[in-house]
Amino acid sequence: MKYTDSEDRRTPPNGGESIKSRLLRVIGSAVSGQVAALLDGLWASGRFVVQREPRCGLIMCTVRDPFDTPFHLGEVLVSQAEVRCDRQPGCGVVCGDAPEQALLLAAVEAAELLGCAEMLAPVADAVRRLEQTKADHAARLSRLAAATRVRFDSMKKERVDFDSLGESCE
C-alpha cells in the first residue's frame, strides 16, 4: 500500500479505510498497557524517530448549531506528537492528556503513508479487537435499553377500584 504524491492521503489506495482513521475511533477504549505494547512493537523495528515529543495544548472547538451556524464551543485539551518512519512524517492528535495515544497515532500515520502494511499488522489486529469490543458493548447497552422500553399503546387500561371508599372509578 504505497501512496503517490498525487493521491489523496486520507484514503488508502485500496479504497478501504485507513488504519489511523479506524484507530482514532477506538483508541479511547484501549487501556494504557495495550497502547504501550503496540508502541513497543513499532519502536522495535528501529525505523521510527520521534520528531516532536508529545505535548498538551488547547485548540478551539468550533461546532455548528441546529441552524448550521458555526460557533466556538470552547477550548479542548489535546495531546499531539510527530513521528518519522524512515523519512515519512506522521502526526497524531487526540483529545485529552494522552501522550502515548498521540505517539501511536503519529507512528501509524507515518508507517501507513510509507506503505508498511506488514509493520502495521499487529496494530490492525488490535484495532479489529477494539472495534469488536466496542460493538459488543454498544449491543449490550442497546439490549439493556430495549429491556426498559415501555409500549404505551399496548398498555391495558387500568381500572382503579375504590371499593374501600364505597365508589368505583375507571
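**Ground rules.** I number residues from 1 along each chain as its sequence is written, and my side-chain values use heavy atoms, with hydrogens and water left out. Because the model is predicted, I ask for pLDDT of at least 70 for local features and 80 or more for side-chain atom pairs, while totals for chains, interfaces and linings use all residues.

**Entry 1, the sheet.** I looked up the strands (DSSP runs of E, at least two residues, numbered from the N terminus). Three of them form an open antiparallel sheet in the order β1-β2-β3; pairing here needs at least two DSSP bridges between two strands. At the edges sit β1 (48-64) and β3 (88-95), each pairing on one side only. On average, neighbouring strands are turned by 25° against each other, direction ignored; the axes are lines fitted to C-alpha atoms, for helices over the stretch in contact, and angles run from 0 to 180 degrees between N-to-C directions. Strand β2 (residues 70-85) is joined to β3 by eight bridges. I also noted that V78 stands opposite C95 in β3.

Next came the helices (DSSP runs of H or I, at least four residues). Helix α3 (residues 99-114) packs on the sheet and touches β1, β2 and β3, its direction making about 145° with that of β3; contact means heavy atoms within 4.5 Å. I then picked out Q101, which lies in α3. Is Q101 buried or exposed? Q101 is buried, at 16% relative accessible area, where buried means under 20%, exposed over 50% and partly exposed in between (1.4 Å probe, protein chains only). Beyond its neighbours within four places in sequence, Q101 contacts I27, G28, A30, V35 and V94.

In helix α1 (residues 19-26) I found I19, K20, R22, L23 and V26 buried. They cover an arc of only 160° around the axis, so they are on the same side of α1; the arc is taken over the directions from the helix axis to the C-beta atoms. Their cover includes β3, α3 and α4 (121-147).

My search of the whole structure gave one aromatic pair. The ring centres of W43 and F48 are 5.5 Å apart and the planes stand at 70°, so I logged the pair as edge-to-face. Rings of Phe, Tyr and Trp (its six-membered ring) pair with centres within 6.5 Å; planes under 30 degrees apart are stacked, over 60 edge-to-face, the rest tilted. W43 is partly exposed at 29% relative accessibility, whereas F48 is buried at 11%.
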